[in-house]
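Here are a few exercises to work through with the model open in your viewer. Try each task before you read its solution.

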Amino acid sequence: MKDDTVTSDPRHDSAIKHVTGRAEYTDDIPEPAGTLHAYLGLSTRAHARIRKLDLAAVKTAPGVVGVLTEEDIPGENDVSPTGLNDEPVFATGKVEFWGQPMFAVVAETRDAARRAAQQAVIAYEDLPHVLDAAEARAADYPYVTAPLKLERGDVAPALRTAPHRLSGQMRVGGQDHMYLEGHIAFAIPGEDEDVIVHSSTQHPSEAQHMVAKVLGVNSHAVTVNVRRMGGGFGGKETQMNLFCAVAAIAAKKWRCAVKIRPDRDDDMSATGKRHDFVIDYDVGFDEAGRITAVEGQFAARCGFSADLSGPVTDRALFHADNAYYYPNVRLTSHPMKTNSVSNTAFRGFGGPQGVIAAERMIEEIAYALGKDTLDVRRANFYGTDDRNLTPYHQTVEDNIMPRIVDELEANADYRARREAVLAYNASGGILRKGIALTPVKFGISFTATWYNQAGSLVHVYNDGSIALNHGGTEMGQGLNTKVAQIAADAFGVDFSRVKITRTTTEKVPNTSATAASSGSDLNGMAALDGCEQIKARLIEFAAEKWQAKPDTVRFADNQVHIGSEAVPFADFIKQAYMARVQLSAAGFYKTPKIHWDRASGKGRPFYYFAYGAACSEVTIDTLTGEYQLDRTDILHDVGRSLNPQLDIGQIEGAFIQGMGWLTTEELWWDDEGQLRTHAPSTYKIPLASDRPRVFNVALPEWSENRENTIKRSKAVGEPPFMLGISVFEALSMAVASVADYKTCPRLDAPATPECVLMAVERLREGRADVSG
Ligand code: MTE
Ligand code: HPA
Ligand code: MOS
């Protein structure tokens, strides 16, 4: 297999275009003459009845063509992805968060529309609002969707009889996606009911179905196209529906092309983010640090509507074990309704919030027993033949965590460096160091089982070039490159012979979101299926024409080998065309083996697990709380890599994004419910200078997926995000040093410099029991 095209490691097919500015995004598509621009009018209350919405001044503002309100929606006023009908395009009667769209204005220029949107005169009658999850639980606010419970064993007695028992609370912050390209939709009306929407969405099929719903037309009238996104990170899985809907309604109403692109401030205020959580845990353990029982309550700030909060909070529970076996366990989700923007998918999809709870419990145990956190981790890893049942009753069959951690521990020289860190801190200076080695195990598959399907459309043109379409979308992760590699490999031709065109609902119908890291698993297999169908016809043709046995036909080196003969691929295809061989196929794939019964909390939601570990070392300044990341070593499992360059890029990016979530990225709402961190000036993502001074990323060469995935690879998009937890825990250790590691610092996330400083002070004053 080593000589496959698939292991030839080409760079991202758009790499040069990305860095030279020639990659085309939705906003770069040439606008037809007369293109109009829409802008949203947003609410300035967290929860209020709308007494009056006076748009007279908006309508007469310079350049304005008209306004859109609920009355202009020909179909349903709803873009909720759940079928719960809880997410209007335009608020009617009342607003439920600060930043909720109430109307849109359409003008000749974007600037005119943006200015006009400010002219609305709105009278509100304030209603009480609840902003965060803890407040919502205390106020008995409703759930946005049904909670989940995962249970195994007998928790209460196990906790009661545990040799040691600890409980605590952890607050874990949310995160803005900060994609470089924001939300955008560009609609072009066609004849009859038709409309074409170009957009930057991870889920073209859902956008298509939503546009059809708001227009009150069939899905076949709506086409959604996506060439690429300038980043999505989950933020464009559902949140683009609204923009597509508004652009399409306006385009049909005025019979003009209409574009909508919010400013960054409005994008950040009006679209959902990662869910912040309040986690209550109660853990029993023995002298050796082995966990005997866990009880966990996971409350999430979901916002005003359900959106994806059900599956997000489910995934938090699915990952609250991380890599550890809990003999007795009960985990409960609390998807709380709040008067804030509806939170949504974000890389890891709730998983990171679950994993960090597991790691907090490990820390608690280690500090309580005076042990190295790594020793406590090892004592609790899932076994291979026993101790391998998850809280959702799936058996872990592919556990390679011990080997990953052994190798990383050795390669990063963890033990010796930990000793050096302890010695450094023992000298009692202002600067303190911390080091932590944390693992991640992440379940791969959509937990909504039906989502695990994909289609492709493969054409071989009679010049021997190949055009490939699949249902996945390109957001920078390199999906198109990987799928093109798979097709090139299948036909034994150069990568350059394969072109992947934009994603469009016209070519592959009913696709799933490109999400859950499953893009290459699903679409790679669907593409391969399409290629194999064409190859089967070509083999039949070759066998007949050259009077050879079918099993002697091979596709390699840009040639078709038939017995001892070799025909250049293009010549061969020309002959096949002349012989009227069908050179096009629709491929399909569905993930085998998975099933999930949410009511009983049992099943096999995941086809397999991806594993990884990171070791990070930090230095903090105990006078200011500032810190720097000195070194990170990562060993992350991608099975047999489809493309090591792309995979390493994904691991580096995910790690940095995960670190940002836990360190500097802080979302802050004021008491009125207005998001005050709504621009890069107040919301700090990691800079190039925040990356680890030494950064070693490796793939375990020996790993291959034991399941029959595409080329035995594993999904890579989300799992390494959680490797950022190593930085958070290293910070925690540095803080703990000021009180001689006697108490667990219980840092909340994000551990901004301010929080680190407060934790240092708290520990120095012996106020260990308070988290913050
Ligand atoms: N990488 C880049 N460059 N940009 C992105 O928006 N999104 C991440 C991850 N890596 C993202 C990314 C998320 S949230 C997911 S689910 C996966 O990519 C989706 O793509 P895949 O399934 O093809 O890995
Ligand atoms: N992950 C990401 N996106 C999703 C999922 C999931 O498990 N389910 C529905 N959308
Ligand atoms: Mo990724 S959060 O599943 O788009």
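**Exercise 1.** Find which atoms of glycine 232, glutamine 477 and glutamine 650 lie close to N or O atoms of ligand 1 in this predicted model.

*Solution.* Start with glycine 232: one of its backbone N or O atoms sits 2.7 Å from an oxygen atom of ligand 1. Next, go to glutamine 477, where a side-chain N or O atom is 3.0 Å from a ligand 1 oxygen. Then try glutamine 650, whose side chain places an N or O atom 2.7 Å from a nitrogen of the ligand. With a cut-off of 3.5 Å for N or O pairs, each of these counts as a polar contact. As for cover, ligand 1 alone would expose 530 Å², and the protein buries 92% of that.

**Exercise 2.** Sort the shell around ligand 1 into nonpolar, polar and charged residues.

*Solution.* The shell has 18 residues, with Gly232, Phe233, Met475, Gly519 and Gln650 coming nearest. Sorting them gives five nonpolar, 11 polar and two charged.

**Exercise 3.** Which residues have the most contacts inside the largest nonpolar core?

*Solution.* That core holds 153 residues, and the ones to pick are Phe491, Leu538, Phe569 and Phe572. Zoom in on phenylalanine 572: leaving out residues up to four places away in sequence, it touches Leu538, Phe541, Ala542, Trp546, Val560, Ile562 and Val567. There's also a second, separate core of 39 residues, with Val197, Val214, Ala245 and Ala251 among them.

**Exercise 4.** Classify two aromatic pairs: Phe541 with Trp546, and Tyr607 with Tyr608.

*Solution.* A search of the whole structure turns up 20 aromatic pairs. For phenylalanine 541 and tryptophan 546, the centres are 6.1 Å apart and the planes make 85°, an edge-to-face pair. The tyrosine 607 and tyrosine 608 rings have centres 5.9 Å apart and planes at 65°, so this pair is edge-to-face too. Tyrosine 607 counts as buried because its relative accessibility is 5%, and tyrosine 608 does so at 1%. Finally, follow the ring pairs: they link Phe491, Phe541, Trp546, Phe555, Phe569 and Phe572 into a cluster.

How values were computed: Residues numbered from 1 in each chain as written. Chains lettered and ligands numbered in written order. Predicted model: local features only at pLDDT ≥ 70, side-chain atom pairs only at ≥ 80, totals over all residues. Heavy atoms only, no water. Core = buried A, V, L, I, M, F, W, Y, C linked by side-chain atoms within 4.5 Å. Buried < 20%, exposed > 50% of the residue type's maximum accessible area, 1.4 Å probe, protein only. Contact = heavy atoms within 4.5 Å. Near = heavy atom within 4 Å. Polar contact = N/O pair within 3.5 Å; in protein donor to acceptor, adjacent residues only side chain to side chain. Areas by Shrake-Rupley, 256 points an atom, 1.4 Å probe, with all protein chains shown as cover. Nonpolar A, V, L, I, M, F, W, Y, C, P; charged D, E, K, R; others polar. Phe/Tyr/Trp six-rings, centres within 6.5 Å; stacked < 30°, edge-to-face > 60°.
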